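Hi,

Here is the model I said I'd pass on. Have a look, and my notes follow below.

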Amino acid sequence: MSTAEILTNREYKYGWVTDIESETIPRGLSEDTVRLISQKKSEPEWMLEFRLKAYRNWLNMQEPRHWPNIAFPEVNYQDIIYYSAPKQRAAKVSLDEVDPELLRTFDKLGIPLSEQKQLAGVAVDAVFDSVSVATTYKEKLKKHGVIFCSFSEAVREYAEIVRKYLGSVVPTNDNFYAALNSAVFSDGSFCFIPKGVRCPMELSTYFRINNSESGQFERTLIVAEEGSHVSYLEGCTAPKFDKNQLHAAVVELVALDDAEIKYSTVQNWYAGDEQGVGGIYNFVTKRGKCAGRNSKISWTQVETGSAITWKYPSCILQGDNSVGEFYSVALTNHAQQADTGTKMIHLGKNTRSTIISKGISAGHANNSYRGLVKIMPKAENARNYTQCDSMLIGSDAGANTFPYIEVMNNSSQVEHEASTSRISEEQLFYLMQRGISQEDAVSLIINGFCKDVFLQLPMEFAVEATRLLGLKLEGAIG
Amino acid sequence: MLEIRNLYASVDGNEILKGINLKVNKGEVHAIMGPNGSGKSTLAKVLAGHPSYEVTRGEVLFEGKNLLELSPDVRAREGVFMAFQYPIEVPGVSNAQFLRLAYNEKQKHLGQEELDPLEFKDLLKEKAKIVEMEASFMTRSVNEGFSGGEKKRNEILQMAVLDPKLSVLDETDSGLDIDALRIVAEGVNKLHDPNKAVILVTHYQRLLNYITPDFVHVLSAGRIVKEGGKELALELEEKGYDWLKNGSVAAGAK
Ligand SMILES: Nc1ncnc2c1ncn2[C@@H]1O[C@H](COP(=O)(O)OP(=O)(O)O)[C@@H](O)[C@H]1O
Ligand SMILES: [Mg+2]
């Protein structure tokens, strides 16, 4: 036996399709498509204007094909369906009116929505293709002044807040996918935590892509007012199709003075098969602005799915003494590609950022960390600590680290550490000599490697993440 | 308990073990001595099932079973333990987490009760006394940042937890100061009973002042060239290994 790669990933557990009647619009993208989406959602004029502006920007933009370390065939943007919603009766008043088939779907995904079975301590917004189908614990949260609802509802009910912050962190012309999203986004989640409130429960959104022809373009906006605190979780899965689906989301976070937002993702989109056929293109723009003094934004991500991951959850540290954190585990196996990392932009005085990135690459997958630490001239005493560790499994896997550091203030301190390791035969033998099976030994070593990141996850998510890594790597060492 | 018959093993095409015969009964302590490079660690690793070593001839029976056809983890669960000459570090995995997983695998294999983290903590606390290890070692990553002596003590702790039938201790005495040597040796003695067997692999006879072997075998260039009782170890201490090198030629010639 040698450390060869017999790559037999266990079946993707979430690969089934819900048989449900959907209302879709014709494929293709034009100004009319944008207007149609806006009309379907009965949006106000300002929202349509926002979309149209984004669309016009997008027309003049290029896909980021050159700088990321990823390769993929041409995407025909005219061949995508930009709106797909499960057919349902007019606006639902309560969960009881949600199509039972949808409730069953989320049940099966481990996200029960019905009153009796709801997860304790976690409020969930369930998004199916282009629309939010249900949000739990809404009333309970409202008592605390916390608004948690679908993005569509927010545009109708909380227009002022949405209008104030939408696009304030990720402008419509930020990049190709963000512009596309801004033009055609269909739904997503909106969270607003008022001044001084500690959100009494975890908030989470579960994204499910079901339609093989539609893309998913969701929009998330989280605003934490002065002194408030919120922890938000995001999960996602999709059926197995042999065609690639585009997922281009935009997430914007705003933290005012002394506010704290913790955003955690366990991304398990369908990754394609062993030969690299099918899977999600996960092209996502996530950015948080620490607008206020002493504010804090912390990103934790466990990226295990998708055929391609292109994502750089970032922090703009504008308020003095604000803190940005990025904890990431990115796992790629078989033909998966990931180019992921973060940007920490230090604007304010005494701003601090921490980046801990763990890349795991197996099969003939390619895994790149790309990170920018930028210290602007006024960021007195800014500090950054970056640690990038890569682990390779087998001899065909690749890992790269691309750290970009731009320092424009001499009083700042920037530290960068990087390492690359392999699971050694000696390590496996040691664990197996104690009676631990080879698969468990691999899991144990990988979990040890990811520990600093897993510690940041809420408990249930950490358990899920541990399990997921084990599954994804099953048989990765032969 | 263990019977090794005419065992040949090679690594990367180099033949290292050249016809080992050894029989170990319950309750016995065997010492395997020999100069550096004679194949002592190779023998230990072959018994434990290290994937780099290929057995080209011979057989090994453990409790009547063909040991060589079992994977390393199954051998371990069946009761074969090897204390490593160079214990491996596993960053980010706590000693307690690792040991509980190992313990429960064995329990499961034997159809016995598995322990939850709290129950296991109590067991670990008891076992840690045997090698005088502090509680803080249980929450630290496996062997990471341990001194040489601490790593060796940690090996014996694992032996105490896993309660193996056959323990192969590879140079467990090397790198230990006199106090640590005493602790480790006393630990091994405490764990020994008439139903178990121990194979001590050592270069020096120092350890044998603390653990008395019933038999001493001298390995040279992949063969056992001399065997005897505990007094053989003293003789080796006095004369060194050089006088045996000729003996090995003779043994090879006959
Ligand atoms: N992986 C290996 N590749 C090549 N040669 C090896 C390997 N492992 C051990 N050897 C060789 O086998 C011989 C015996 O080694 P070892 O069993 O470690 O001896 P000892 O434990 O008695 O000092 C040595 O000559 C050593 O160089
Ligand atoms: Mg040795």
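**Notes on the model**

Just after α3 of chain A, A:Gly110 takes a positive phi of about 85°. Helices here are DSSP runs of H or I with at least four residues, strands are runs of E with at least two, and both are numbered from the N terminus.

Some housekeeping: this is a predicted model, where local features need pLDDT of at least 70, side-chain atom pairs count only at pLDDT 80 or more, and totals for chains, interfaces and linings use all residues. Residues are numbered from 1 along each chain as its sequence is written, chains are lettered from A and ligands numbered from 1 in the order written, and side-chain values use heavy atoms, leaving out hydrogens and water.

Back to α3(A), residues 100-108: A:Leu102, A:Leu103, A:Thr105 and A:Phe106 are its buried residues (under 20% relative accessible area, 1.4 Å probe, protein chains only). Seen down the helix axis they fall within an arc of 155° , so they line one face (the arc is that of the directions from the axis to the C-beta atoms).

Helix α8 of chain A (425-433) is mostly covered, with 7 of its 9 residues buried. A:Gly435 follows α8(A) and also has a positive phi, near 100°.

Over in chain B, an oxygen atom of ligand 1 sits 2.8 Å from a polar backbone atom of B:Gly37, and another pairing puts a polar side-chain atom of B:Thr42 2.5 Å from a ligand 1 oxygen. Helix α1 of chain B (40-48) gives the most to the shell around ligand 1, with 3 residues.

Cheers

Technical notes
Buried < 20%, exposed > 50% of the residue type's maximum accessible area, 1.4 Å probe, protein only. Polar contact = N/O pair within 3.5 Å; in protein donor to acceptor, adjacent residues only side chain to side chain.
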